[in-house]
Amino acid sequence: MKALQFNRFGSPDVIVLRDVPKPEPRPGQIRIAVRACGLNPADWAVVDGLLADRLPPLPRGLGVEVAGTVDALGEGVIGVEIGDRVFGPATFDGPTAGAAEYALMAAWAHIPEGVTAEQAAALPMAAETAWHALDDLGVQPGELLLVHGAGSTVGEAAVRFALHRGIRVIATAGPTRAAALEEIGARVTGYGDGMAERVAALAGGRVDRALDTAPTGGRIDRADQASPAGGSLPTLIKLTGNPDRVLTVSDFAAATELGTRITHIEMRYDLIGEFARLAGEGVLVVSVARTYTLDQIQEAARLSQSRRPGGKLMLVL
């Protein structure tokens with residue numbers, strides 16, 4: 001089969017497309033014919049050596065989020081049959097992962113009717129991160145939440161989950177995603193000069209809590225460039241009046257300095273069935289910005305590393 005691999009650490013340029021043997025499912029695993037594999041900033045960190053001491057020896061594959069058709073069942077697997085459409089995390093403990101013609105999975109959910117493989121593969125990491133961030137922040141129904149960076153995949157998932165939980169939402173986003181966020185019920189304002197004042201006007205004062213889902217160091221006002229942390233968190237603290245009411249999913253260094261909350265991305269995938277249900281009901285959607293073939297991985301990596309992909313980037317097979 002065709003699979004993306006790297007046999008040394010470095011930039012995405014070290015990733016190559018190779019012919020390798022199909023992986024065989026172990027007990028409790030399934031194998032799928034991959035139709036779509038989501039790409040994430042974490043992929044490039046792994047290629048650069050992140051978790052090098054916790055993962056198996058090189059060569060390795062990349063790509064965690066996958067969707068496709070069940071091709072083989074390991075011993076003891078129940079509740080799924082060959083030919084079923086499923087999505088979830090690919091196993092990451094062998095020489096290949098999700099960015100391949102075939103991948104192994106130890107956790108999965110059925111793709112709902114009306115949801116494409118690309119749409120399903122976009123869900124797991126954004127949904128998991130957003131769900132637990134809202135829980136960690138402690139935001140309650142009826143409260144007013146500011147989601148900064150709502151045009152990101154995690155940000156949009158957080159907006160959708162919050163609205164579904166009965167939370168009022170103000171979102172900051174660029175023009176690409178603003179209309180879509182307004183359509184689902186968020187009040188949206190753009191970045192740049194005066195953004196904090198616009199948020200305060202929309203809120204009628206302070207917001208109850210703020211969730212930072214922007215790329216690390218994302219700024220929302222020129223005044224923030226002189227802040228001790230150099231990012232958006234000082235302004236979010238001003239808008240809430242309390243650093244304990246602010247949480248970031250990315251700017252950990254600034255959070256430590258300023259005393260805001262953080263959420264560590266710990267992918268448990270115990271809610272994958274719930275995410276499938278919400279996707280089937282149209283509550284959960286993660287925008288797919290662009291699709292690429294396996295041999296276009298460097299082009300996809302460049303756009304991903306620009307921090308402005310405009311949604312989920314997807315490999316399609």
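Predicted model: local features only at pLDDT ≥ 70, side-chain atom pairs only at ≥ 80, totals over all residues.
Local features need pLDDT of at least 70 and side-chain atom pairs count only at pLDDT 80 or more, while totals for chains, interfaces and linings use all residues. Residues are numbered from 1 along each chain as its sequence is written, and side-chain values use heavy atoms, with hydrogens and water left out.

Helices (H or I, at least four residues) and strands (E, at least two) are DSSP runs, numbered from the N terminus. Two strands count as paired if DSSP finds at least two bridges between them.

An open sheet is formed by 3 strands in the order E2-E1-E4, with antiparallel pairing. Strand E2 (16-19) and strand E4 (60-61) stand at the edges with a single partner strand each, so one side of each is left without a neighbour in the sheet. Strand E1 (residues 2-6) pairs with E4 over 2 bridges in the antiparallel sense. Phe 6 has Arg 60 of E4 as its bridge partner.

E9 and E10 run parallel and are joined by 5 bridges. Leu 145 is bridged to Val 169 in E10. Together, E9, H4 and E10 make a right-handed β-α-β unit. A crossover is right-handed if, with the strands pointing away from the viewer, the path from the first strand over the helix to the second runs clockwise. E10 also pairs with strand E11 (residues 187-189), in the parallel sense and over 3 bridges. Here the bridge partner of Ala 171 is Val 188 in E11. The chain crosses from E10 through H5 to E11, again in a right-handed β-α-β crossover.

A nonpolar core is a set of buried Ala, Val, Leu, Ile, Met, Phe, Trp, Tyr and Cys residues joined through side-chain atoms within 4.5 Å. The largest such core has 49 residues. Among the members that touch the most others are Phe 87, Leu 145, Val 159 and Ala 171. Elements giving two or more residues to this core include strand E9 (144-148), helix H4 (153-164), strand E10 (168-172) and helix H5 (175-183). Helix H3 gives the most, with 7 residues. Val 159 touches Val 147, Ala 150, Val 169, Ala 171, Leu 181, Ile 184 and Ala 186 (heavy atoms within 4.5 Å), not counting residues up to four places away in sequence. A second, separate core of 31 residues includes Leu 39, Val 77, Leu 294 and Ala 301.

Notes:
Buried < 20%, exposed > 50% of the residue type's maximum accessible area, 1.4 Å probe, protein only.
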